[in-house]
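I opened the model today to look up a few points on packing and pairing. My notes follow in the order I checked them.

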Amino acid sequence: MVTVPDRDSELRQRAWEAAASVVDPEIPVLTIADLGVLRDVIVDGDHVEVAITPTYSGCPAMNMIALEIEVALERAGFRHPKVRTVLSPAWTTDWMSEEGRRKLRAYGIAPPLASRSRRALFGEQAIVCPQCGSGNTELLSEFGSTSCKALWRCKACREPFDYFKCH
Amino acid sequence: MPVANVEVSETPLVLYAVRRADDALILGHRLSEWCGHAPMMEEDMALSNIALDLIGQARELYTYAAKAEGGDNDEDKLAYLRDVRQYRNLLLVEQPNGDFAQTLVRQFFYSAFADLYWRAMMNSRDATLAAIGAKSEKESAYHLRHASEWIIRLGDGTEGSHVRAQGAIDHLWAFTGEMFAVDDGERALIHAGIAIDPGTLRGGWMTTLSDVVSEATLTLPQNDWMQQGGRSGRHSEHLGHLLSELQSMQRTFPGQTW
């Protein structure tokens, strides 16, 4: 590999930073880079194309995210940016950055466990309360306020909380 | 002015994708009918979330079908501008919600199948179908667990919930055979490594059903007479009513967008 610090790579860096600044409209503390939704940025001359991967098949936030990427790139000086959706490899919460996990917890949402816990049929999961840090918690519903969250309750501080479920 | 139905050139590959898309869309729509009516808040959200996943899966499959067709159709035209006889979904998914037990038994029968199906489709030789399989199986794992827990809760619950759950199983059983039916076009796609042979999933499906149903103190019917027709467009009267609601906006205001 030869790295050439040419105009294209500078432009790509600028385009990446612009796209990476877009936040999830449902969880505005997380950027799409934190989420692992931002997959690639391709700059070819004056054309820029951003590849994103959907979280859940039907997540309504994806249309909003695509629109906001276009707006962010136009603001950064790119004309007619394109957003492409890639299905493969399928998005997993394992791609969420450490920074993203920390921000989620501070926001009051328990971050996802590793995705290998996903297939445990009727399995017990140990989720730590993001409010008080207790592990004495219980699942209320595997389906919460958005596609990506489950509803839990802490039995120590009695507060309900969202858990970003592993995927 | 009435809006004309779109024509679909049903090559085996287009038909294959449309059938799976129709399953997901129609079941997703059925579940969405519970929105605001479910017996408790958590279930209202759960069923709406699952509906959203299914409609998302349908969108990907319709988009794939439209591309395979190579004409002017797109996901919206395929969903909104085909009439009852052009729909190719399983009879199971169009059955009315009935009571909560009937909705969850329908969901359980389908999810136990879909979960195996999407996992198998991850190995399709077609890269897009494999990607759709990989995306969908993550969602179906949750759907199956949700439905399984409810079957056990209802079956092993009160006398009333037990009777309703058993009644739903007995009523819906005859619609499950269609999941395993394959026609000649699909058989060729299976040989080419593109489509999934549902026959190979039957054993796993029966194991899931037996495990959950016996834990729920319920029983599976012994009769093996199965009702078919959905895959070739011969539907129960329920689908027409469902479509009249699903399509009313596009039929009334053709080409309307958000």
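In which hand does H5(B) pass H7(B)? I found a right-handed crossing. I note here that the model is a predicted one.

I then looked up the geometry of this pair. The axes of helix H5 (residues 100-121) and helix H7 (residues 159-172), both of chain B, come within 8 Å and cross at roughly 50 degrees. That angle makes H5(B) oblique to H7(B).

Next I listed the residues in the contact. H5(B) brings B:Ala101, B:Gln102, B:Val105, B:Arg106 and B:Phe109. From H7(B) I noted B:Ser161, B:Arg164, B:Ala165, B:Ala168, B:Ile169, B:His171 and B:Leu172. Sorted by class, the contact of H5(B) with H7(B) has seven nonpolar, three polar and two charged residues.

I turned to the sheet in chain A. Four strands form an open sheet there, in the order S4-S7-S6-S5, with mixed pairing. Strand S4 (109-110) and strand S5 (137-141) of chain A stand at the edges with a single partner strand each, so one side of each has no neighbour in the sheet. I checked S5(A) against strand S6 (residues 149-154) of chain A: the two pair in the antiparallel sense over four bridges. A:Ser141 stands opposite A:Leu151 of S6(A).

Last, I looked at where the chains meet. I count 23 residues of chain B in contact with 19 residues of chain A. On the chain B side, helix H2 (41-69) and helix H6 (127-155) are the elements that give two or more residues. H6(B) supplies the largest share, 13 residues. By class, that side of chain B has ten nonpolar, six polar and seven charged residues.

How values were computed
Residues numbered from 1 in each chain as written. Chains lettered and ligands numbered in written order. Predicted model: local features only at pLDDT ≥ 70, side-chain atom pairs only at ≥ 80, totals over all residues. Axes fitted to C-alpha atoms, helices over the stretch in contact; angles between N-to-C directions. Parallel < 35°, antiparallel > 145°, perpendicular 65-115°, else oblique. Left-handed = near helix turned anticlockwise from the far one by under 90°. Contact = placed C-beta atoms within 7 Å. Nonpolar A, V, L, I, M, F, W, Y, C, P; charged D, E, K, R; others polar. Pairing = 2+ DSSP bridges.
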